[in-house]
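Here are a few notes to go with the model. Have it open while you read.

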Amino acid sequence: MEKRDLRACLGKEWLYCDGGTGSLLQEKGLKGGELPERWNLERPEDIIEIAESYFRAGADIVNSNTFGANRLHYADSAELEQIVRAGVRHVKTGLRRSGRTDGFVALDLGPTGRLLKPMGDLAFEECVAIFAEVVRWGKEEGADLVLIETMSDAMEAKAAVLAAKENSDLPVFVTTVFDEKGKMLTGGTVESVTAMLEGLRVDALGVNCGLGPLQLYPIVKQLRAVCSLPIIVNPNAGLPHAKDGMTYYDLGAADFAAEMKKIAELGVHVLGGCCGTTPEHIRLEIEATRALPFEAPVKKHRAVVSSFSQTVELGKRPIIIGERINPTGKKRFKEALRTGDIEYILEQGIEQEEAGADMLDVNVGLPEINEPEMLETVMTRLQGVTALPLQLDTTNLEALERGLRLYHGKAMINSVNGKEESLETVLPLVAKYGGVVVGLALDEEGIPEDVEGRMRVAKKIYARAAEYGIPPEDIIIDGLAMTISTDDNSANVTLEVLRRVRDELHGHSILGVSNISFGLPQRELINSFFFALAMKSGLSCAIINPNNEAMMAAYRSYLALSGLDRQCQGYIAEYAGKSNIFAGKGATAASGAPAQPRGGGAELPEGMEASPLIDAIRFGLGEKAREETTRRIAEGEAPLDIVNQELIPALDVVGKGFEKGTLFLPQLLMAAEAAKAAFEVVKSAMSGTARKERGSVILATVKGDIHDIGKNIVKVLMENYGYKVYDLGRDVPAEAIVETALKHDVKLVGLSALMTTTVVNMEATIKLLREKKPDAKVVVGGAVMTKEYADDIGADCYAKEAMDTVRYADTLFPET
């Protein structure tokens, strides 16, 4: 029988994945902390038997036992290659023994357990290389697809996708991990992750692990609403519990199948299981869902730009793109680029976000600087202080590719044009990395003076983009605003192009609005009126200065007049109580209260006044925090007053923002670095430390577990809140934890685990602590943990989120 074509089946019929592997290996004798991939070499029959059992249960796709097989866990390259190759061979053998020929072998890639730079210490290209060698070995051994699973960081998922696509032609499936709020560990949302992965052209995407089908149901509903690709759902068998040193899950096979039937009815396409599920779970799942009507994926045709945590959808209302991060005509900005004053550039971004920008244009091109390096630096730093999506604005192809490769999300790209050279160089990058690309209505003959000429170029860009598989919704036409000072009809031509792009091409448009008034006095008068006319003609995105009150007044007035601002709520919120909106930049309400940020930094609570130092910390501006602290100490302010009245309250604001989900991991880490810079200044001004330590805590990922992302987040928070942290790292034996607790008389121990196979070592560590250091309290957390599980293993506290550890520590060590 001829082997099935996976891509031909995908999205056209039900497909089923296998279930858990770790729990089955534990039943066969895998010890807590033992690396399961080594069984590919040491106990091959057990691995083959598991694969065979899943194929016999009806699974179409069975994973190789390579979840953690990478060079970070296996230092011996020769051994690692043998493990990966054997893992693929064993699934093929299991398929043959099952008597089937229609199954698929998935090369399983799990997370490295390390955070990528700048949040962590793992370089992006190193991460790509780590996954790439595994992909090459797996493809050579005959894997049918690459399954990238259990990803809690979208950038790590991106690295794995690029590794798979650059080193094979295999189908690529990706499943990520969300909490019950629909957030990834690094702040990604269902919408933002979907936008990025669809842009990267994966073959299917979805969710797995962390939660059971009941908890995943609302997340799958969100995914179904925005995703155009086949959707994968591989939940755990409910929530975990511990009994007699073993982990078990609360959904038996029949109950699991019943819940998965509800998920199948949402209109997903690939079903399976994760931790705690068995061949029986999969068999009954198939039995419960196989006869259900199958709904093919529906193309959503959404034009979406995203950052790591926010998405901007074009077409719902005009979008404001802040234009200030651009050296053109800006002496101070050029100086910042030449001297490497990155924080000045970051401040431009923050100001524009507070003024109402939806996205930020990023142009750092100067002839005398290394533009690829500068774009990477500015882009990366910006994504640490703001969650706004970015428009990468460059004519330097090397800079563009580096930016797209390292961008955390789906970027807007400025730009391509109708020239063959531009089409042949820019469009392949858009096709590879994803993005919404600006198409300039010009070609080898220059800028057409009439509407028909510009429309001809626009249609050409659409057609050529289609040849690269770029959908029309990912093209945004720039009709080109040419100054009316040299052509009386230029505004009319541009406005008609906007209308025809909307009405005839059913597309989206963009303009650099202020170009219309070049060479004229009182330019904002022309700009604001032209802006209003352009929006009425269908303008989708405007590149403007959002700090310009006249432009924003035109924008807000248009939204109110066009019915896009329901009950004029936005207009009223912005202008009620203002005496003169044209009084100048930064005019505030009559009350004199400072305007609160719309995003980016953590919002100040009511009654707390902003200050340059507080703002520097909550927006993550380290150099500014250092300079402001230095200045105030030099002016005679007491260092401890600065700590108690501003630094600690600012960190509390950041911590609460992270806890509420309004501030995300990149911003949290940048704020922590800014606070650290300020504390260093304070410490150097005092004889002792500026801040009394409240207590000590040990943090460790338990023996056998090499994932320390969550632990590292807790470390940042604990240190910010004044605790001394003994960070023992990953794969830490119980004896080492107890020894450290005894040596330093530590009263609080934080334990983390991600893998089902290692949580038994968490229980063993708690038992040893109870025996040797009974006065030590234990707080536990990790993707596989629940409150019930924590109680089962004898922990004192379950930390569902990072801030829970801080809150618990505060009860043990109250401030004196």
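1. Which residues line the second largest cavity? This is a predicted model, where local features need pLDDT of at least 70, side-chain atom pairs count only at pLDDT 80 or more, and totals for chains, interfaces and linings use all residues. Numbering starts from 1 along each chain as its sequence is written, and side-chain values use heavy atoms, with hydrogens and water left out.

2. The answer is Asp18, Thr21, Ile47, Ile50, Ala51, Tyr54, Val62, Asn63, Ser64, Asn65 and Val91. A cavity is a set of points on a 1 Å grid over the protein atoms alone where a 1.4 Å probe fits but cannot get out; lining residues have an atom within 4 Å of a point. H4 (44–57) and E2 (61–63) each supply at least two of the lining residues, and H4 gives the most, with four. Helices (H or I, at least four residues) and strands (E, at least two) are DSSP runs, numbered from the N terminus.

3. The second largest cavity holds about 80 Å³, and the largest about 470 Å³. Closest to the centre of the largest, among its 31 lining residues, are Thr21, Gly22, Phe67, Glu149 and Cys275. A volume here is the space filled by probe spheres set on the points, with grid points joined across faces, edges and corners.

4. Just after H8, arginine 201 takes a positive phi of about 65°.

Notes:
On a 1 Å grid over the protein atoms alone, a cavity is a set of points where a 1.4 Å probe fits but cannot get out, and a pocket is an open set with protein on both sides within 12 Å along at least five of seven lines; lining residues have an atom within 4 Å of a point.
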